Amino acid sequence: MSNNESKKYKLGMIGLGTMGRNLLLNMADKGFSVTGYDKDRKMISKLEDEGQKHSLEGFDDIESFIGSLQTPRTLILLVPAGPIVDSVIAELKPLLSEGDIIIDSGNSHFTDTNRRVEELEKDGLHFFGMGISGGEEGARFGPSMMPGGDKKAYNVVKEVFDAVAAKVGSDPCVTYIGPGASGHFVKMVHNGIEYAIMELIAEVYGVLKNGLGYSNEEIYKVFKKWNEGRLQSFLLEITAEIFLFKDTVTQNDLLDQIKDEARSKGTGKWTSEVSMELQLPIPTINEAVSNRDLSKFKKLRVSLEEAFGKKDNKIEITVDELEDAFYFSMISAYAQGMHLLVQASKEYQYDLQLQEIAKIWRGGCIIRAKFLEDIYQAYEKDNALEHLFGDSGIQNIIKDTLTGTRKTISACINAGIGIPAFASTLTYFDTITTARMPSNLIQAQRDFFGAHTFERIDQEGVFHADWNKLS
Ligand code: 6PG
């Protein structure tokens, strides 16, 4: 490297909103020479203020920014997913040279990433899709990072990512995921699992509140206790805290002042869409997506409650049985997400290493949980494991929790408590553990009305029967 080059920055961030700024500050804390670019001067001032101890500087002029970087240049994009990514790339392209690396760290759809990889490859540019999880805190102090793209190019940035990622022991929560858009694909599935676990926790809240009549403070205690044991997870930890939070306007519990209409940015829906595309069922995630949508039909729900009458949701179960149901369903949510990754890896030739993915989800990300250690161990033992339910350790946990799960779910159904994610999770388990499903009838029906043929259990080939002969 020439003397002039060594004075240049190792990495540049494009987009200095909270996520971009925090990640850049994290990199500077770890001793890397980094800089940032944003069209908005206010964002640059914020970076310069917060990064005073590292004398961080930012640019609002793209040409000077690009000129300030060592080659090959490494650029991280933290801008809103969608067309903005394309317009930033268009602006950058004439200023870049062969071998430069662009890393899109937003929640982009993996098919957009595929397209961008292919387009930029023609100019010798490496395009990475990198999912980052952990929110603003994660970006600042250690996220979980899922980079996918050209493996050789990854080596240029590896030391930076290893340094800034969250750590579990000494293991950084980042690994090379695979080629093409695999990084964004894995992040999307992470979010699908995130949706499922959030929905399951919300359903537990409904059961504790409406089925067992618990107050917010009592619910806080349940979640806090659960979080001290086998269920320990980031999502349970923050959920417990929500139940104690007071509203500054009314002095009531803030949770009670919040509308029961859940919003979303779309990554959960994408996970469901892809699962249909790949014909790989993930019903718990699907229910989580659908139930956020159902929650938005507030007026309809209110009028239908009037029409059908308010239900007496009271049930008799123990909190330990409810804990079993949650543990069982949480395991299934992870299992479905991992199963989707197995299928996608085959379909898109990602060569995903599931043990590595479980390993980097143990810290920094939103779905981090004690149970991820079990998942990691299961794939460490057998990295060709088709489904987590096939692991003997996981089987033992499922067998232990099944009685409490069945009791909880049937009690809720009998009392009219809406628990779509719990119910579909249990019935998914009952179906996937059934050697002979009633699907032979569907084949017979299709052949009856449409001559679509069927396969026999005792002979190879396809067959058609003259069903009308019956009548
Ligand atoms: C993360 C999160 C994050 C996501 C939000 C909001 O891993 O840090 O998954 O990337 O954007 O959780 O997602 P929704 O608006 O879809 O709920």
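**Figure 1. Lining of the second largest pocket in the predicted model.** In this predicted model, α21 supplies the largest share of the lining of the second largest pocket, namely four residues. The elements that each give two or more residues to this lining are α21 (439–450) and β10 (454–455). The residues that line the pocket are R436, M437, S439, N440, Q443, A444, F454, E455, R456, I457, D458 and W467. Sorted by class, the lining of the second largest pocket holds five nonpolar, three polar and four charged residues. The volume of this pocket is about 260 Å³.

**Figure 2. Positions annotated as "binding site".** The UniProt record, an unreviewed entry, places the feature "binding site" at N107, S133, G134, G135, H190, N191, Y195, K265, R292, R446 and H452. These positions are spread over 346 residues of sequence, and in space they lie up to 49.8 Å apart between C-alpha atoms. From this set, N107 belongs to the lining of the largest cavity.

Figure 3. S133, one of the positions that the UniProt record lists under "binding site", is found in strand β6, which covers residues 126–133. Because its relative accessibility is 2%, and buried means under 20%, S133 counts as buried. Leaving aside residues up to four places away in sequence, S133 touches P143, S144, M146, K187, H190, G364, C365 and I366. With H190, the side chain of S133 also forms a polar contact of 3.2 Å. H190 is itself among the positions listed in the UniProt record.

Figure 4. Is K265 buried or exposed? Its relative accessible area is 86%, and exposed means over 50%, so K265 is exposed.

**Figure 5. Lining of the largest cavity.** The model has one cavity of 30 Å³ or more. About 30 Å³ of space lies in the largest cavity. The elements that give two or more residues to its lining are α9 (182–211) and α13. Of these, α9 provides the largest share of the lining, three residues. The lining residues are G106, N107, S108, H184, K187, M188, T267 and W270. By class, the lining of the largest cavity divides into two nonpolar residues, five polar residues and one charged residue.

Note on methods. Residues numbered from 1 in each chain as written. Predicted model: local features only at pLDDT ≥ 70, side-chain atom pairs only at ≥ 80, totals over all residues. Heavy atoms only, no water. 1 Å grid on protein atoms, 1.4 Å probe; cavity = no way out; pocket = protein on both sides within 12 Å on 5 of 7 lines; lining within 4 Å. Points joined across faces, edges and corners; volume = space filled by probe spheres on them. Nonpolar A, V, L, I, M, F, W, Y, C, P; charged D, E, K, R; others polar. UniProt positions renumbered as here; feature names shortened; annotations may be inferred. Buried < 20%, exposed > 50% of the residue type's maximum accessible area, 1.4 Å probe, protein only. Contact = heavy atoms within 4.5 Å. Polar contact = N/O pair within 3.5 Å; in protein donor to acceptor, adjacent residues only side chain to side chain.
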